[in-house]
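Please look at the sequence and the fold below.

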Amino acid sequence: MTSVVVVGSVNLDAVTVCERFPAPGETVAGRSVSFGQGGKGANAARAAARAGARTVFVGAVGDDAAAETVLAPLAAASVDLSLVARTRGSTGFANVTVDASGENHIVVVPGANDAVTVDDGARRAIADADVLLLQLEIPQPVVLEAARAAREAGTVVLLNPSPVAPLPDELVDLVDAVIVNRAEARALADILGRVPRVVTTLGPDGARATGPEGECTSPGLPVQVVDTTGAGDAFTGALAANWHLPPSERLLRANAAGALTATAPGASAAPSVQQVEAFLATRAAQPPHAL
């Protein structure tokens, strides 16, 4: 079993579903509203745990009622929360609007996520893990500090550089693999050639991975899309959890996890190992093929 440490964000998501997004200055009627756990780091941690990895989450929540709301789904997925800090102020918050096609608009207020640190406990956890998974919804110096700790310990460093931001050369040099979507790949084209492995999600067209082992692809897995929120994070978490597998197999399982997440509302809808296996069996998905 792969062991994964995720250093990242956790938010309270307020998800509003509507027929279409409003134009500037326009008001539209919504279908529903719900509240639950989100945040790219927490989403990926929950996905990794659901995919079978021993998972530790390093993050921060506020001293408000939202803290328990966002931590409960992680605890239910058996994510180790012993390194989550409690700070004064508000837990991170995200306002998510989803239209009838499943596309989303998201506005994030960082809150306690700006207080995430890599302390001695986090460094020990990173050193003991097989994989460190990072995103950019926490301060970049913290991301860099975590990556340094992983490199010193020989822990694999995976980075989902989202939201896209300029990356310092040192961070690029510490990363073993980046996970990007098409837009992120275009924005970061100048640095991707410096990273040993690049995994690109292609939406309905599946995913592609390149690295020393060569290039492989995973085909699109058609599903009935309900909400794409968190699908990319589920892909990333499942990829980390399956990092011990050959590149083609971990890519297929990550692809399936992302697809299944889009079939349910909310950012924390990542599937279990059993659900992924049943889905792949039902779909009779062809294995990724080397190019």
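Arg31 is exposed, with a relative accessible area of 54%. Here exposed means over 50% relative accessible area, buried means under 20%, and partly exposed lies in between (1.4 Å probe, protein chains only). The model is predicted: local features need pLDDT of at least 70, side-chain atom pairs count only at pLDDT 80 or more, and totals for chains, interfaces and linings use all residues. Residues are numbered from 1 along each chain as its sequence is written, and side-chain values use heavy atoms, with hydrogens and water left out.

**Salt bridges**

Arg31 has a charged partner. Its side chain meets that of Glu19 in a salt bridge, 2.2 Å from N to O. The term requires a side-chain nitrogen of Lys or Arg within 4 Å of a carboxyl oxygen of Asp or Glu. Glu19 lies in the loop between S2 and S3 and Arg31 in strand S3, so the pair ties together parts that are 12 residues apart in sequence. Helices (H or I, at least four residues) and strands (E, at least two) are DSSP runs, numbered from the N terminus. Glu19 is partly exposed, at 48% relative accessible area.

The whole structure holds 14 salt bridges.

| Pair | Distance |
|---|---|
| Glu19 and Arg31 | 2.2 Å |
| Arg253 and Glu249 | 3.0 Å |
| Arg253 and Glu277 | 3.9 Å |

Arg253 forms a salt bridge with Glu249 and another with Glu277. Arg253 lies in helix H9 and Glu277 in helix H10 (residues 273-283), so this pair ties together parts that are 24 residues apart in sequence. Arg253 and Glu249 both lie in helix H9, 4 residues apart, about one turn of the helix. Both glutamates are partly exposed: Glu249 has a relative accessibility of 27%, and Glu277 has 41%.

**The open sheet**

Strand S3 also belongs to a sheet. 4 strands form this open sheet, in the order S3-S2-S6-S7, with mixed pairing. Two strands pair if DSSP finds at least two bridges between them. Strand S3 (30-38) and strand S7 (104-109) stand at the edges, each with a single partner strand, so one side of each is left without a neighbour in the sheet. On average, neighbouring strands are turned by 15° against each other, direction ignored. Strand S6 (residues 92-98) runs antiparallel to S7, and 6 bridges join them. Val98 stands opposite Asn104 in S7.

Helix H2 (residues 66-76) packs on the sheet and touches strand S2 (11-18) and S3. Its direction makes about 85° with that of S2. Axes are lines fitted to C-alpha atoms, for helices over the stretch in contact, and angles run from 0 to 180 degrees between N-to-C directions. Contact means heavy atoms within 4.5 Å.

**Parallel strands**

Which strands pair in the parallel sense with S10? Strand S9 (residues 156-159) does, over 2 bridges. Strand S11 (residues 197-201) does too, over 5 bridges. Leu158 has Ala177 of S10 as its bridge partner. The chain crosses from S9 through helix H5 (residues 169-174) to S10, and this β-α-β crossover is right-handed. That is, with the strands pointing away from the viewer, the path from the first strand over the helix to the second runs clockwise. Val178 is bridged to Val198 in S11. 4 of the 5 residues of strand S10 (residues 177-181) are buried, so S10 is largely enclosed by the rest of the structure.

Val195 lies in the loop between helix H7 (189-192) and S11. Is Val195 buried or exposed? Val195 is buried, at 8% relative accessible area. Leaving out residues up to four places away in sequence, Val195 touches Val172, Val175, Asp176, Ala177 and Val178. Val195 and Phe35 are 37 Å apart in space, C-alpha to C-alpha, and 160 residues apart in sequence.

**Nonpolar cores**

The largest nonpolar core has 47 residues. Such a core is a set of buried Ala, Val, Leu, Ile, Met, Phe, Trp, Tyr and Cys residues joined through side-chain atoms within 4.5 Å. Val4, Phe57, Leu158 and Phe235 have the most contacts inside it. Helix H9 (residues 247-261) supplies the largest share, 7 residues. Beyond four places in sequence, the contacts of Val4 include Ala48, Val56, Val131 and Ala240. Another core of 38 residues lies apart, with Ile138, Val157, Leu167 and Leu192 among them.
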